[in-house]
4 protein chains.
Amino acid sequence: MTDDDTKDNVIPGSEEELATPDVRGYDFTGEFDLAELLASYETTGFQATHLAEAIDIVKRMRDDGATIYCTYTSNIVSSGLRETLAYLARENLVDVMITTSGSITEDVIKTEKPFKMGEWDVDEAAMRERGINRLGNIFVPSDRYVWLEEYLNDFFPEFFAEEKVRTPVEFSRELGATIDDEHSILANAADNDIPIFCPALTDAEVGNFLYYYKQGYDSDVGIEILQDYDDLIEEGLLADKTGLIVIGGGLPKHHAIMTNLFRGGADYAVYISTGVEGDGSLSGAPPDEAVSWGKIKEEVTNHVEVKAEATLVTPLLVAEAFKKYEPAGGEDEAEATAADD
Amino acid sequence: MTDDDTKDNVIPGSEEELATPDVRGYDFTGEFDLAELLASYETTGFQATHLAEAIDIVKRMRDDGATIYCTYTSNIVSSGLRETLAYLARENLVDVMITTSGSITEDVIKTEKPFKMGEWDVDEAAMRERGINRLGNIFVPSDRYVWLEEYLNDFFPEFFAEEKVRTPVEFSRELGATIDDEHSILANAADNDIPIFCPALTDAEVGNFLYYYKQGYDSDVGIEILQDYDDLIEEGLLADKTGLIVIGGGLPKHHAIMTNLFRGGADYAVYISTGVEGDGSLSGAPPDEAVSWGKIKEEVTNHVEVKAEATLVTPLLVAEAFKKYEPAGGEDEAEATAADD
Amino acid sequence: MTDDDTKDNVIPGSEEELATPDVRGYDFTGEFDLAELLASYETTGFQATHLAEAIDIVKRMRDDGATIYCTYTSNIVSSGLRETLAYLARENLVDVMITTSGSITEDVIKTEKPFKMGEWDVDEAAMRERGINRLGNIFVPSDRYVWLEEYLNDFFPEFFAEEKVRTPVEFSRELGATIDDEHSILANAADNDIPIFCPALTDAEVGNFLYYYKQGYDSDVGIEILQDYDDLIEEGLLADKTGLIVIGGGLPKHHAIMTNLFRGGADYAVYISTGVEGDGSLSGAPPDEAVSWGKIKEEVTNHVEVKAEATLVTPLLVAEAFKKYEPAGGEDEAEATAADD
Amino acid sequence: MTDDDTKDNVIPGSEEELATPDVRGYDFTGEFDLAELLASYETTGFQATHLAEAIDIVKRMRDDGATIYCTYTSNIVSSGLRETLAYLARENLVDVMITTSGSITEDVIKTEKPFKMGEWDVDEAAMRERGINRLGNIFVPSDRYVWLEEYLNDFFPEFFAEEKVRTPVEFSRELGATIDDEHSILANAADNDIPIFCPALTDAEVGNFLYYYKQGYDSDVGIEILQDYDDLIEEGLLADKTGLIVIGGGLPKHHAIMTNLFRGGADYAVYISTGVEGDGSLSGAPPDEAVSWGKIKEEVTNHVEVKAEATLVTPLLVAEAFKKYEPAGGEDEAEATAADD
Ligand SMILES: NC(=O)c1ccc[n+]([C@@H]2O[C@H](COP(=O)([O-])OP(=O)(O)OC[C@H]3O[C@@H](n4cnc5c(N)ncnc54)[C@H](O)[C@@H]3O)[C@@H](O)[C@H]2O)c1
Ligand SMILES: NC(=O)c1ccc[n+]([C@@H]2O[C@H](COP(=O)([O-])OP(=O)(O)OC[C@H]3O[C@@H](n4cnc5c(N)ncnc54)[C@H](O)[C@@H]3O)[C@@H](O)[C@H]2O)c1
């Protein structure tokens, strides 16, 4: 090959001028404006662009009056995102919550006793001795669970008084009603009639104390999950439009997309996840995959995944798309926002 | 600083000679031996070392006669690892299985209709048109679910005949008993009385068809999950030693470690996972974290995590630690192995 | 075991009250304040906490008058982070830059022709036909490289006029001097005498055009890299304190920590990375690992890694720790900041 | 919606029967055969399928007599994969090697003093005291570098005797010629005239000792990198077909694909990587992305990425595609294989 031949390979040229926006980041010259900085994410590329798209999609969900499903894994509530989710529930900004059992346990504990900042790297056996549980870089002293047991032992007799077999949605609603804490997800959701779905209610300390209760006090109690599933499906069937805000993956994510299948798919979907696609996992599956199943409707821009650890981006998303945004026609939300500011 | 000063920084020297093995990979000289290749992983470093440790720990579980819990996420059964798990159940090599609902659905479908090899990158909307669902690089034509509905509609009346409210363990046991397929996990588990725990039974097509059944035929049916949780805890309390083989993360992983907490922790644990620690997720939490909670007992070498996509390493682990290994004192397993070869 | 025995396992209790801060996220009640939101990241847990720590460490670098090394991979400059880095260079807020060759190529192109927003998922062969290169979700039409070749062909004769063998630092400095663009990293670095180290200068289009130049015009030209390495080591030896801001991994990261070894380690280090530890890679190695090598000094809080995709967090870090922060005693930086606002 | 309407959504059905293979894993019934187990990976799904494809593509490279480029990051040689790469060099099974500087340093050290197995989690400051460097779960006592300095100080005067400015390829070739160790990559590559490209030669201990040598003995010495780049491009231009085996990412990966651009792209490519796509990094870029640049030729099955930590899969790939495989027409390789068995 001559140099000219190789050049056709190296720089083939291109006549076409693309109509898409220029890649351009925030301009730090002049007065600083954090809102503009976040707006510039749209043309920053990589995941920044996806965060900007996520903000845009959530705004559109709200403009459209969609029934908004917010799903979150338990560790989200271990972290300071609990207060963010409590805000969404308090202001009635989401309609359905789906989660796993640890998040219920921990929301209740935090109404009385905080979790503490910790470290990733510790002497785990020594921690066990000290009765301190580690959850990432968060520490949970065991006395939290001693307290929780007492609290639940007060609650259970009442909860199972009339019916012995109850559902997870009933559990979180009635438990939430006992709580007085403006930063509690359960309390606010109960107040605003936002159901919290949690099919695997047993898989956390709540399950442990139900076990002791069943063993020690009442062998007839039980948790029935099919009724909730029916209700969740119906919720989707009744909705005109639905939008999903999926924080983390796992069961909550799948529960949301699976029940939206009945209505022919969700209209909007925003995922925030560290999951990877290559393992074929549900947690790592991108929104695209859900399209083939009919779990998400196909329109070019109604879904996005932000590949990020949730604590980094969720507060920014909520700030821009909820706190600072008044939806176009959405009376109810607009009021809520207004009332709050 | 003079050169001599900087040299103290750059090459401080060390008197100590370390007693640990040399890092050394497989020697490709001479006759090839794949078993030796896997043995060389021990001194290859990084994740190869962890795979070698995982093989070693599983062998020790078996030598020790531990009650072995095998947990797996649904996509594991979507993949060809289904046949590997069916082998473990068939030969009675594990004692307890914990999973999520998709794995039950798919094991049943595969008794009649195979999943097909596919691609990651497709036109998702066109796939929806064609009725082909994508699951990573695996394709599942929708007629599989048409067939499944019929199969389950035959099964449900019988299953709910005597009691209207049943548990997930009963579900998989009685469903497994209807299946005749040597590669079915459910069939083999039913045969060998290996319980399959699956608290969130609704969260997959099984749930969808339960919904239709409840709507159309019998509004009283239900799924109760507390009894199973009790049984799983008791299983751990009765065991002399316990060992966990955790394939993927999520609820199945947590269910195993949480219930082992009651007995003061599992004695052995092997995790195979793509989860990352930095998101504070349960799925990404390393075995070390479970030590602080008392979910895994602390001894220097009784736990390991192989950071890998499961299809790459699970068959190798099962080959070395089960198929090719006869446990020291373990009569039962030894027989099983012998009978099989 | 009795229930009481198991309870000692399940809830061992703990007498100790931890002195660390409570985990608590941003409080969305009341007037919204994005700066407070970022401050709340400190007690939000997981990676949010690390971002807050990173901001704090960079502030301390600046208070301490440390020589600041900023390293970045090439794709950082493909993205809109180019404008962020250009700001750091323009305001003289960092002292040394270390990068890979693609970033030099792309900074020059962007002075004349923007990169364009694109998509991850495209028909790659069709893109090749159209002469459009894909870089994540960024598109680079090939005519950019046609333009670059002309620009470099004007520059090379001058650059090699007096000496035939030049270094990468000379290359970026003299090339930067030809550029007039307030958003160019090269132009601003040249202006402010910030050296840009890039040992593998050949590994990008710059290398390709050097190849053609050497083939076609002057077979004696060469790129010598040892002199730069000496200079980089000396830079570290002369510094009183050093601080590293490491965006992405790879060669730039290692180059910074390796040369800091000569002075006994860096005093401050902030990593932003998607790398994973389990592969034993340098890109994935956490700051802790560098301590064992003496590349980072050990003090409890002088280093942190934010596990995140850089576009999501770098602008926030720069906003809080540079743009909005005036270092305690640091005259020079204070002026720069002041002048800019 | 009626149940019938929702059913069209839930189970749309599909008439089409797919022609692709069934998903089916290894059958553990009967006599065990590890080669068959690896063959079954093809239909196991997820990454197992990609490993099977990688084996197939490497076999085809060899059948086709392609010039094979093998690229690897430094940590690959820290691990026991060093012996695997040395085998490929010894048997002349690859034609070009591209790497980063640490791999050269470490290959030389290992000819005399082994690296030792270690742990991820250590007291890093104590390690520094003891003079033990950590590299993932591998320990490298500092005396290795004391020894290396002496070795290189013997070598440098000779190396720079006739010319003061040398290239990285010359460096590894002449250094390799001084080594007598059948497991040394450098020694075998030197023997078989396999060039080892390493543009950023300074970025490791080799660089450090070059620095001391330049400071202390001969200020005129230098490392010139443009000549090597020319040679690497020419290598590609002369080849009839080229195939890439890319272990890890970074500079070595890009160097291989970039220089293949001159010839219009590589014909075959296998990547083994932990990189993630979402960060827009070169390390995480899938083979598809290289197609848009013309760095890899587009044919449906000539490229694959195995998302895996390299120590887990590289020995299996080398075993199946090299050690146990005799290429169709490839005389030379066939002999090599034969001679070795
Ligand atoms: N605090 C706890 O995490 C906790 C406590 C008690 C019980 N449990 C139980 O453990 C089981 C498994 O937990 P899970 O299902 O809630 O999810 P999980 O923690 O297993 O996470 C599932 C996936 O979500 C994604 N994810 C998680 N955290 C993320 C983050 N911070 N940012 C982005 N993505 C993230 C990851 O891809 C992860 O693999 C549940 O049954 C739960 O009740 C958890
Ligand atoms: N635009 C380009 O990426 C480009 C263009 C031309 C040449 N090249 C060449 O390719 C070679 C390899 O590129 P490299 O060494 O610059 O790095 P790289 O792209 O290979 O990245 C190295 C590591 O840095 C981390 N990283 C990268 N991007 C990140 C992000 N956005 N957020 C967080 N972490 C991130 C990842 O862990 C990654 O594995 C270099 O020689 C370079 O000159 C690259």
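How much area do chain A and chain C bury between them, and what share of it is on carbon and sulfur atoms? Chain A and chain C bury about 7,800 Å², 60% of it on carbon and sulfur atoms. Buried area here is the accessible area, taken with a 1.4 Å probe, that two parts lose on being put together, summed over both. In chain A, Phe28(A), Phe46(A) and Met117(A) lose the most area to chain C, together 12% of what that side buries.

This is a predicted model: local features need pLDDT of at least 70, side-chain atom pairs count only at pLDDT 80 or more, and totals for chains, interfaces and linings use all residues. Residues are numbered from 1 along each chain as its sequence is written, chains are lettered from A and ligands numbered from 1 in the order in which they are written, and side-chain values use heavy atoms, with hydrogens and water left out.

Stay with chains A and C. In contact terms (heavy atoms within 4.5 Å), 96 residues of chain A meet 96 residues of chain C. The superposition is by least squares on the C-alpha atoms of residues with pLDDT of at least 70 in both copies. Both copies use the same surface: 100% of the contact residues of chain A recur in chain C.

Now take chains B and D. They bury about 7,900 Å² between them, 60% of it on carbon and sulfur atoms. In chain B, the residues that lose the most area to chain D are Phe28(B), Phe46(B) and Met117(B), together 11% of what that side buries. The contact involves 96 residues of chain B and 96 residues of chain D. Chain B superposes on chain D by a rotation of 180 degrees with 0.0 Å of shift along its axis, at an RMSD of 0.1 Å. Ala308(B) is the residue of chain B closest to that axis, at 3.2 Å (C-alpha).

One residue shows this contact in detail. Leu34(B) lies in helix H2 (residues 34-40) of chain B. Helices (H or I, at least four residues) and strands (E, at least two) are DSSP runs, numbered from the N terminus. Leu34(B) counts as buried because its relative accessibility is 9%. Buried means under 20% relative accessible area, exposed over 50%, and partly exposed in between (1.4 Å probe, protein chains only). Among the residues that Leu34(B) touches are Leu34(D), Leu38(D) and Leu316(D).

Next comes a helix of chain A. Helix H13 (residues 250-261) of chain A has 12 residues and reaches 17 Å from its first C-alpha to its last, close to the 16 Å expected at 1.5 Å a residue. Of its 12 residues, 11 are buried, so H13(A) is largely enclosed by the rest of the structure. The buried set includes Leu251(A), His254(A) and Met258(A).

Finally, look at chain C. Its open sheet of 6 strands has the order S7-S2-S1-S9-S10-S11, with parallel pairing. Strands pair if DSSP finds at least two bridges between them. The edge strands are S7 (196-197) and S11 (303-307), each pairing on one side only. In chain C, 5 bridges join strand S9 (residues 242-247) to strand S10 (residues 268-273). Gly243(C) stands opposite Tyr268(C) in S10(C).

Notes
Expected span 1.5 Å × (residues − 1). Lists of a residue's contacts leave out its neighbours within four places in sequence.
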